[in-house]
Amino acid sequence: MNTLSYKTVSANKNTVNKEWIVVDAEGEILGRLASEIAKVIRGKHKPTFTPHVDCGDNVIVINADKVRLTGNKLGDKVYVRYTGYPGGQRFVSPKELLAKHPERIIEKAVRGMLPKNRLGRELFRNLFVYAGSEHKHEAQNPKPVKF
């Protein structure tokens, strides 16, 4: 029996093949887009996926200000943060966040779908979100992807 034909291949930092992709968020639903982005950043779409290694691709998201939220989430959903001081709980709705920092809505959604550990923090650095249609990563020759 040929034992070489069924060996498990485990990727590492040297053997992984990272690519750059660009995603247009215009008209996309936030949660569905974020889950696909998280899957690509994590590397789960590759046959060489290894859970403890950063084997995903770098993702550039453009037109983050044109993302959609379904239902009443634009006014009813609440993002909560805490300043660290007594009585320092702060609340912001997606409508207010879209007006000031539209890229943070996608960042928060994707960050929540990544692992909550050192690897997840490292994977989050592979995400680049821009409110407009321009980005500064032309030198990496990203290929456009439609989810």
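A search of the whole structure, which is a predicted model, finds 6 salt bridges. Among them is the bridge between Lys 143 and Glu 19, whose closest N and O atoms are 3.2 Å apart. Lys 143 belongs to strand S6 (residues 143–145) and Glu 19 to the segment before S1, so this pair ties together parts that are 124 residues apart in sequence. Both partners are partly exposed: the relative accessibility of Lys 143 is 43%, and the relative accessible area of Glu 19 is 30%.

Another of the salt bridges joins Glu 36 to Lys 39, with the closest N and O atoms 3.4 Å apart. Here both residues lie in helix H1, 3 residues apart, which is about one turn of the helix. Glu 36 is partly exposed at a relative accessible area of 27%, and Lys 39 is likewise partly exposed at 36%. The side chains of Glu 122 and Arg 125 also meet in a salt bridge, at 3.1 Å from N to O. Glu 122 counts as partly exposed at 38% relative accessibility, whereas Arg 125, with a relative accessible area of 57%, is exposed. In general, side chains of opposite charge can pair when their charged atoms come close.

Aromatic rings were examined next. The structure holds 1 aromatic pair. It is formed by Trp 20 and Phe 128, whose ring centres are 5.4 Å apart; their planes stand at 25°, so the pair is stacked, the limit for stacking being under 30 degrees. Trp 20 lies in strand S1 (residues 20–24) and Phe 128 in strand S5 (residues 127–129), so the pair ties together parts that are 108 residues apart in sequence. Phe 128 counts as partly exposed because its relative accessibility is 23%, and buried means under 20%. A further ring, that of Phe 124, has the charged end of Arg 111 over it, 3.9 Å from the ring centre.

The largest nonpolar core has 28 residues, and those with the most contacts inside it are Ile 37, Val 59, Ile 106, Val 110 and Leu 127. Two or more residues are given to this core by each of S1, helix H1 (30–42), strand S2 (58–62), helix H3 (94–100), helix H4 (103–111), helix H5 (118–124) and S5. H1 provides the largest share, 7 residues. Apart from its neighbours within four places in sequence, Leu 127 is in contact with Ile 37, Ile 41, Val 59, Val 61, Glu 107 and Val 110. In soluble globular proteins, nonpolar side chains tend to be buried together.

How values were computed. Residues are numbered from 1 along each chain as its sequence is written. This is a predicted model: local features need pLDDT of at least 70, side-chain atom pairs count only at pLDDT 80 or more; totals for chains, interfaces and linings use all residues. Side-chain values use heavy atoms; hydrogens and water are left out. Rings of Phe, Tyr and Trp (its six-membered ring) pair if their centres lie within 6.5 Å; planes under 30 degrees apart count as stacked, over 60 as edge-to-face and the rest as tilted. Helices (H or I, at least four residues) and strands (E, at least two) are DSSP runs, numbered from the N terminus. Buried means under 20% relative accessible area, exposed over 50%, partly exposed in between (1.4 Å probe, protein chains only). A charge sits over a ring if NZ of Lys or CZ of Arg is within 6 Å of the ring centre and within 35 degrees of the ring normal. A nonpolar core is a set of buried Ala, Val, Leu, Ile, Met, Phe, Trp, Tyr and Cys residues joined through side-chain atoms within 4.5 Å. Contact means heavy atoms within 4.5 Å. A salt bridge is a side-chain nitrogen of Lys or Arg within 4 Å of a carboxyl oxygen of Asp or Glu.
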